[in-house]
Amino acid sequence: ALSAGRDLLLDVDVQGARSVRESGIPSVSVFLMPPDYATLEKRLRDRASDGEAQILRRLALARKEAEECFHYDYLVINDRLEPAIEDLRSVVLAERRRAARVQDGARRILATFPEPR
């Protein structure tokens, strides 16, 4: 998929993101951070997908994992869903326009220009 120029999204924890960075595979990382600890705790409890022990374990690791945000390319504060989605969309669009990613297209356009005299 990468060689075909398609965007790939991996939803991984901080250990997975570290593995991707260490692999040498070109990537762009985005850390999604809750607006605060209390909101994180409420979201974990409201999901009701984990037992109490799992929630407590995740909360105990929360600060250490959140401090990993400084190793990412981008940081999105997930305070409200729609603005967070727009922030993520902006990252994807900006990365698609990086000069290094669009050089071939620029060269094709330049080839249509007459040579300088």
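## A tour of the chain, from overall fold to single residues

Colour the chain by secondary structure and follow it from the N terminus, where the elements run α-β-α-α-β-α-α, with helices (H or I, at least four residues) and strands (E, at least two) taken as DSSP runs and numbered from the N terminus. The model is a predicted one, in which local features need pLDDT of at least 70 and side-chain atom pairs count only at pLDDT 80 or more, while totals for chains, interfaces and linings use all residues. Residues are numbered from 1 along each chain as its sequence is written, and side-chain values use heavy atoms, with hydrogens and water left out.

Zoom out to the whole chain. Along the principal axes, the C-alpha atoms fill a box of roughly 75 × 30 × 25 Å. Buried residues (under 20% relative accessible area, with exposed over 50% and partly exposed in between, for a 1.4 Å probe and protein chains only) make up 15% of the 117 residues.

Next, select Val14, Ala17, Phe31, Met33, Cys69 and Tyr72, the six residues of the largest nonpolar core, a core being a set of buried Ala, Val, Leu, Ile, Met, Phe, Trp, Tyr and Cys residues joined through side-chain atoms within 4.5 Å. The elements that give two or more residues to this core are H1 and S1. Keep Tyr72 selected and show its contacts (heavy atoms within 4.5 Å): leaving out residues up to four places away in sequence, Tyr72 touches Asp13, Val14, Ala17, Arg21, Ser29, Val30 and Phe31.

Move to Glu68, in the loop between H3 and strand S2 (74-77). Glu68 counts as buried because its relative accessibility is 16%, and, leaving aside neighbours within four places in sequence, Glu68 is in contact with Val14, Arg18, Arg21 and Phe31. Asp73 is found in the loop between H3 and S2, but at 48% relative accessibility Asp73 counts as partly exposed. With residues up to four places away in sequence not counted, Asp73 touches Ser27, Val28 and Ser29.

Now display the largest pocket, which has a volume of about 2200 Å³. On a 1 Å grid over the protein atoms alone, a pocket is an open set of points where a 1.4 Å probe fits, with protein on both sides within 12 Å along at least five of seven lines, and lining residues have an atom within 4 Å of a point. Of the 50 lining residues, Leu9, Leu10, Asp11, Val12 and Val30 are the closest to the centre of this pocket. Helix H1 (14-23), strand S1 (30-33), helix H2 (37-47), helix H3 (52-66) and helix H4 (81-96) each supply at least two residues of the lining, and H3 gives the most, with eight residues.

Finish at Ala48, in the loop between H2 and H3. Most residues other than glycine have a negative phi. Ala48, although not a glycine, has a positive phi of about 55°, and at 63% relative accessibility Ala48 counts as exposed.

Methods. Grid points are joined across faces, edges and corners, and a volume is the space filled by probe spheres set on the points.
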